[in-house]
Structures are given as C-alpha cells and as structure tokens.
There are 2 protein chains.
Amino acid sequence: MRFDVTILGSSSATPIFNRNPSAQVLNINERLFLIDCGEGTQQQLLKNGIKAQRINHIFISHLHGDHYLGLVGLLSSLHLYGRIRAMEIFGPPELKEILDIQFKYSQTNLRYPIEFHATQTDRPALIYENPDIRVESFPLEHRIPCTGFRFSEKNRLPKIIREKVEELNIPIDVIPLIKKGADYTDERGIVYNASDLTFAADAPKSYAYCSDTICNWKYIDQIRGVDTLYHEATFMNDMADRAAETFHTTTIQAAEVAKLAGVKQLLLGHFSARYRELEPLQEEARTVFPNSRLALEGQIFVI
Amino acid sequence: MRFDVTILGSSSATPIFNRNPSAQVLNINERLFLIDCGEGTQQQLLKNGIKAQRINHIFISHLHGDHYLGLVGLLSSLHLYGRIRAMEIFGPPELKEILDIQFKYSQTNLRYPIEFHATQTDRPALIYENPDIRVESFPLEHRIPCTGFRFSEKNRLPKIIREKVEELNIPIDVIPLIKKGADYTDERGIVYNASDLTFAADAPKSYAYCSDTICNWKYIDQIRGVDTLYHEATFMNDMADRAAETFHTTTIQAAEVAKLAGVKQLLLGHFSARYRELEPLQEEARTVFPNSRLALEGQIFVI
C-alpha cells in the first residue's frame, strides 16, 4: 500500500529563497490528503504534477496565513475546473467563516459541497476514518489555537500465499474471506486453516504532522512511535529564546521530540527566512536524532 | 520622470503554464503602486527584485480571488518585516471586512496602519492625488462590482534652459520659481521673461487598467487618450459568446476599445487557461490595433 508525503512548502511566515509556505500532500493507498495550504499551494500542486481534483480531504492546522491562504484559490479553481465531488475540510471553526465571507463577496456558488469539520483545539480527537486509515488531531501550543494531525493505517489484513491459491485452486472471491480469517474447505471437503494460507502483512504505517508549536512535550503521546514525524524547526538552537517567544521550535528540540517519541524518521520544515542555507539545521538536528532530514519543496518521502 | 509598469501576473482565474493571477506594479517617479494582488504576488515581487516595502498604495479592482488573494499574505509579510509606514488600500468596501476577519483570527495586530479607501463601483471618482499624479477609478461591468483605474501625470512644469542659467548666473533657489512662471530680474535690474528661460516639458503620461469587464464601451471616456492601456483579453474572437456570458472581453474587442479610445499602446492580459500559446491572441488583436502586446510575467513596459 502506497504511503508517502510530497512537500510543497518549507518556509515559515515570510516566503523567501524560492521557498513556499506550508503545504504537504499525503498519498495513502492512492487517496490524497492535503495538510495545510499556504499561499501558492495550487501552483505548487501543478508544478509537482499532482492533480488537485484527486484531493478530497484537507487538513488545516491553524489560522496563520502561511498555513491556509492558498485555500480559497484552490477551492475556487476546483470549482472552475468543474468539480462536483464533495470536499471535506478539517480546521479551526473560524476557518468556515473566512471561507464563507470570501465566497459570498465573490458571488461564488461552488458547484460542489464543502463538508466542514471543526477541529477541537483543546483535546485530541478522532476526526476521520476510512477502511484504510484513522486521522486524529491533537492540540499544539502556538500563539493561536493550533492542532497537529496523526495519520495511522489500520492493521493490515494478512496476505494470501500465492502458491496455495494455485495448488488448491482457491476461487478468487473466497480470498478476501480467508484474509479476514475464514477457513477454506475445498471440493473434497478438506478444511484448511486460514493461518496456513496466509502470511502477516507489513506493520501498519503512521505519519504525524506538528506545525506550529512551542516544544512543550505535551503532545508526545499523540505522536509516539510514528514511522515518520514532520516537525517544525523554525530556528537553530542558538535562537531558542526567540523560538520560545514566538511559540516555535528549534532543530534540537524537534530532534529531542523525535527521540523521546521513538519515531523512525524526522522531517524538518517551516524554516525561518533568516536561514538561506539549511544544511546547518539538518546537521544540528542529527547531533540528537541521526535520521533527521530537511523536508524541501518537491521531495517525496516514503513512510 | 520614470513611468513604467512591471507585469507580475497574466492569467485569468485558474493559474496554469507558470502564469500567475493578476498583479502589476506601476513605478511613477520612483513611487510604487500595486494594481491587483492575486495569489502569489509577494513571491512574484521577490522574483522580480521589487521591494514590497516600497509599495505604499494598493489598488484592488474587484473581489474575485484571482485579483486579491495575495493581499493578506503580502500585508502580513510587511508586518513581519517591521513595516511602520501606513499602507493605503483602495478597493470595494467589502474588502475591508475580508482583511479584518483574517487579521482577527490570526491575532495579527499590524505594526503599521492601513488606510482603507472604499471605491465607488457605480461612478467615476478621483480617488488619489499627489504632486505628480491623479488616480481615478471608474466602473467596469463584470459579474460582481468592479472598477478600472486611470493613473494620469499632472502637467509637468517647463524645464529650465541650462545655458541660460550659466549665462545669466541664475541662483539655484530661483529656478523652481522660474519654472512656475516667475520672471527673473538679474543684479543689474534686467528682467527676463520666464518663457524665454524655459522650454516645455514632455507631455504628461497616463496609464489605464481595465480588468475584468464585458466590453460595453461605457468606460471609453475614462480611458480616452491614455499612453498605455492594459485591457483584459481573456478569450479569442471565436469565443465571443463565452466572453459575453462570463462578462469578459475578447482580443478583438480589447483592440477595438484601444482604437476607439485613441490610446498609443495596448497591453493584453488575463488569459484563459485554455490558451497554452499566446502569440495567436496578440496576432488577432493586431489585426485591429497594431500596437498590441502580450503583458507577460516579468516584462516591464515603459509608458
């Protein structure tokens, strides 16, 4: 099952050095989930060859412009491109008001429905579920209400052993039942145990997104053990005071969070405009958590 | 006196083929005026080496997203870059509400004041004046209220004849008075007529911006005789019905407007996403008005 994330923006509030504000597309089993939608996201989708029409779920962490200002443009373009399928949007309750007023004054009657789900910014919540995954939001601590998101695959069904299918001539429509644990009885009445016909699938994958937040450790339980953690790292360690003042995180703090939460891979982003070169941020994070990587525009990380 | 326009966006509602939504910067005597501010304008300013901090006046034609969605991002970045000087914004009255609600929910208290001037969308109006220029807005006819803008230099003062200054030893502080028509009396009491010491300056320049509108001829008087006219040309002539339905203009209509208004140069823009190649639009316009040009990203047109 495909599970990867494409980075569309790596900058913090003021875009510079060809960096774009926050936006990422998570592809889970060919379903696309957009996380944050900074200004220019629709152009970034085009540039990265991602069809915006394939996105059916958008998650907005908070209402600072660099995390949502591309949303009205994206939704308007989807309307003009003839979309009719509903778009589910998850974000702070006030986002609805911001969308409504802009569609009202532009006299845009979207051809497709928006299903708006207000996020809880004071406690963790299960906000979305489909047969493959579960998405939970959890509070971060920023200057305004803000949530992180965790995308977790459900336990995968065991896989069928191909050779057994051929050997026993198992009909194709029975295979899903066997995967779910049903025994198989062949034409002669011989019973085969499901566990003898299958092998365990890969462990379910998970991805967590934390931007923007002061490093308060309170959200560690929500991100514990994820395969890949995206965490903002706006500043380097020598700017720790500035990070605290502005409710942001440093490279070292992000790496400590990754270590403490026992994740496998750390993606760093939301870089301050003060850094033209980003390698030093990666190097600094790696002193604490070696598998730290810069999440730069256009990169795809397999989870 | 410098008078030119830099194009930041040439696309209509759905940005594609690396084209950006509407935005232009007019430089008149080193004062920068931003006209429309589609999504990504702050990035386009950076890309074109234009310091956003130098902009003190922004003019928004109407509230379709492709003409204003970059405004909150731009204003927020100016705040983060430490701006304290006021920003004057001219646009439809509802724009104020759209800005206010977004600054409210992002808890952004701008360090600089915004002086908002609501445009009249039902009649022409003088909306701004400084010692060099006058700016008028005038109604266009689009699906929602929309105005065009005309930037007109005031009559320039005559220029002093350098040789006379040297010959008669005219003190430097007297020159501005002579330019304004005062006669000059030298040390011996000889009177020289101002008109003998000066020559006429270049004719004042003017620029008009028309986007978006159906071609209804009602605004011809407002743009008559401008040196350069920017006019939307969303569609080619074979799409005239579609243009009328969507309250847009074709290449041929834009060229006819330019001809009828007696302008010197026509800039075409706001191109539909259906056109990958734009040369045919220019060629078509030139069959009616030869001095028609495509107004593409990054180009600077001297007026």
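1. Contact here means heavy atoms within 4.5 Å. On that basis, 100% of the interface residues of chain A are also interface residues in chain B, so the copies meet through the same surface. The contact takes 33 residues from chain A and 34 residues from chain B.

2. A word on conventions before the details. This is a predicted model, in which local features need pLDDT of at least 70 and side-chain atom pairs count only at pLDDT 80 or more, whereas totals for chains, interfaces and linings use all residues. Residues are numbered from 1 along each chain as its sequence is written, chains are lettered from A and ligands numbered from 1 in the order in which they are written, and side-chain values use heavy atoms, with hydrogens and water left out.

3. How are the two chains related?

4. Glu39(A), Leu69(A) and Tyr105(A) supply 22% of the area that chain A buries against chain B, more than any other three residues.

5. The domain assignment divides chain A into domain 1 (3-154 + 206-302) and domain 2 (159-199), with bounds that come from an automatic or database assignment. The C-alpha centres of these two domains of chain A lie 42 Å apart.

6. An unreviewed UniProt entry annotates His62(A), His64(A), His142(A) and Asp212(A) as "binding site", although such annotations may be inferred rather than shown by experiment. They span 151 residues in sequence, yet no two of their C-alpha atoms are more than 10.1 Å apart, so they gather at one spot. His64(A) is placed in the loop between strand E4 (55-59) and helix H2 (71-80) of chain A (helices, H or I of at least four residues, and strands, E of at least two, are DSSP runs numbered from the N terminus). At 8% relative accessibility His64(A) counts as buried, a term that means under 20% relative accessible area (1.4 Å probe, protein chains only). Leaving aside neighbours within four places in sequence, His64(A) is in contact with His142(A), Arg143(A) and Ile144(A), and also with Ser106(B).

7. UniProt also lists Asp66(A), His67(A), Asp212(A) and His270(A) for "binding site", again from an unreviewed entry. They span 205 residues in sequence, yet no two of their C-alpha atoms are more than 10.6 Å apart, so they gather at one spot. His270(A), in the loop between strand E16 (265-269) and helix H10 (279-286) of chain A, is buried at 1% relative accessibility.

8. Asp212(A) lies in the loop between strand E14 (206-210) and helix H7 (220-223) of chain A and is buried, with a relative accessible area of 1%. Not counting residues up to four places away in sequence, Asp212(A) touches residues including His62(A), His67(A), His142(A) and His270(A). Its side chain makes a polar contact with the side chain of His67(A) at 2.9 Å (a pair of N or O atoms within 3.5 Å; within protein, one must be able to donate a hydrogen and the other to accept it, and residues adjacent in sequence count only if both atoms are side-chain atoms).

9. In chain B, the buried residues of helix H9 (residues 251-261) include Thr251(B), Ile252(B), Ala255(B) and Ala258(B). The buried residues of H9(B) pack against helix H7 (220-223), strand E15 (228-232), strand E16 (265-269) and helix H10 (279-286) of chain B. Gly262(B), whose phi is positive, near 65 degrees, follows H9(B).

Terms used:
Buried < 20%, exposed > 50% of the residue type's maximum accessible area, 1.4 Å probe, protein only. Buried area = accessible area lost by both parts, 1.4 Å probe.
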